[in-house]
Amino acid sequence: MNELIRCISCDEIFLRTPFDQWPEYESYPNGSLQSFRTIERDDFQNFLESHHGHRLEDLKILKDSFVSEKNYVEPVKISYFKATNGKESFVVKKFREKIDEPLKYQLIHGDYSLRCTNIEIQSKEVMKQLNAEFKTNPLHQNKIDAFVKLFQYIAKTIDIQKLERIPEESPNSLEIYYKIDDISLVYLLRNCRNIFKGQEYLNIEEFIHRHKDDGVLLLKATHKIQITEMAQSRKRVIAAQIRSEKGKIAAKG
Ligand SMILES: [Zn+2]
């Protein structure tokens, strides 16, 4: 059996390997339920019991599809990952409302995409780096400001689709770093000739080449998670409603 199981009848899921939740989780070489340890054994047992006689299916988790609105290390956050049964696509919402609560998983029929909401240059880092590297022949502050302004202007007019993404791990999955494209680079260098002259220009040219691929001249693109929900079949919606009604009645009793 797979690690992510869906009850088709109720449209509920169970994740057998909750990744970051219990590091002591053990594999089960003989496939027997007895080899589960700790709390998941009971949870999975409960899941199987409450969905006894229902149609279950395995969902495949799409690797590298984890995204989160906050930094990876934040304990209270909403994350999403993609899964599929081979025919339909799903998004699994993983969340925890309080730090001492267990993680919850919710199945969404559909997909998500990342929409770029802002592209910016790393102004502070650029200024710091310029000051650090031009210590012996400091640049005039007006020139540093002009350079940052020029670079900002170029970043605003850039088409993110044409840029090369930097594969480096960012602590936030919604902040992606891109390398400036060749045309914008030429434009930047050409306009730098209006700000810097002679040796100063040559130094800036070197600075740009040193930092354009992995340093302070990378562009930072901020994204938003956009979830596209597919309409569920009526039968399933009704099944879920009946289930939630049953739950309410049980809770009252
Ligand atoms: Zn069920």
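These legends go with several close-up views of a predicted model.

The model is predicted, so local features need pLDDT of at least 70 and side-chain atom pairs count only at pLDDT 80 or more, while totals for chains, interfaces and linings use all residues. Residues are numbered from 1 along each chain as its sequence is written, and side-chain values use heavy atoms, with hydrogens and water left out.

**View 1. The whole chain, before zooming in.**
The protein chain has six helices and ten strands; these are DSSP runs numbered from the N terminus, with helices being H or I of at least four residues and strands E of at least two. Of its 253 residues, 38% count as buried. Buried here means under 20% relative accessible area, exposed means over 50%, and partly exposed is in between, using a 1.4 Å probe and protein chains only. Among contacts with a separation of 6 or more, 60% come from residues 24 or more positions apart, a contact being heavy atoms within 4.5 Å.

**View 2. The largest nonpolar core.**
This core has 33 residues, and Leu-130, Phe-147, Leu-188, Cys-192 and Ile-208 are the ones with the most contacts inside it. A nonpolar core, for the record, is a set of buried Ala, Val, Leu, Ile, Met, Phe, Trp, Tyr and Cys residues joined through side-chain atoms within 4.5 Å. The elements that give two or more residues to this core are strand 7 (104–121), helix 2 (123–133), helix 3 (141–157), strand 9 (175–179), helix 4 (182–195), helix 5 (198–211) and strand 10 (219–229). Helix 3 puts in the largest share, seven residues. Apart from this core lies another one of twelve residues, with Ile-13, Leu-15, Ala-83 and Val-92 among them.

**View 3. Helix 2 against helix 3.**
The two helices pack at an angle of about 145 degrees, with their axes 11 Å apart. Axes are lines fitted to C-alpha atoms, for helices over the stretch in contact, and angles run from 0 to 180 degrees between N-to-C directions. Helix 2 passes helix 3 in a right-handed crossing; a crossing is right-handed if the near helix is turned clockwise from the far one by less than a right angle, and left-handed if anticlockwise. On the helix 2 side, the contact uses Ser-123, Val-126, Met-127, Leu-130 and Asn-131, and on the helix 3 side Ile-144, Asp-145, Phe-147, Val-148 and Gln-152. Sorted by class, that makes six nonpolar, three polar and one charged residues. Ala, Val, Leu, Ile, Met, Phe, Trp, Tyr, Cys and Pro count as nonpolar, Asp, Glu, Lys and Arg as charged, and the others, Gly among them, as polar.

The whole structure holds six aromatic pairs. One of them joins Phe-14 and Phe-47, whose ring centres are 5.4 Å apart with planes at 35 degrees, so this pair is tilted. Rings of Phe, Tyr and Trp (its six-membered ring) pair if their centres lie within 6.5 Å, and planes under 30 degrees apart count as stacked, over 60 as edge-to-face and the rest as tilted. Phe-14 sits in strand 2 (residues 12–15) and Phe-47 in helix 1 (residues 38–50), so the pair ties together parts that are 33 residues apart in sequence. Both Phe-14 and Phe-47 are buried.

**View 4. Val-91 and its neighbours.**
Val-91 lies in strand 6 (residues 89–95) and, at 0% relative accessibility, counts as buried. Not counting residues up to four places away in sequence, Val-91 touches Tyr-80, Phe-81, Gln-106, Leu-107, Ile-108, Gly-110, Asp-111 and Tyr-112.

Most residues other than glycine have a negative phi. Asp-11 has a phi near 60 degrees, and Asp-64 also has a phi near 60 degrees. Asp-11 is in the loop between strand 1 (4–7) and strand 2, whereas Asp-64 lies in the loop between strand 3 (56–61) and strand 4 (67–68). Asp-11 is buried at 13% relative accessible area, while Asp-64 counts as exposed at 79%.
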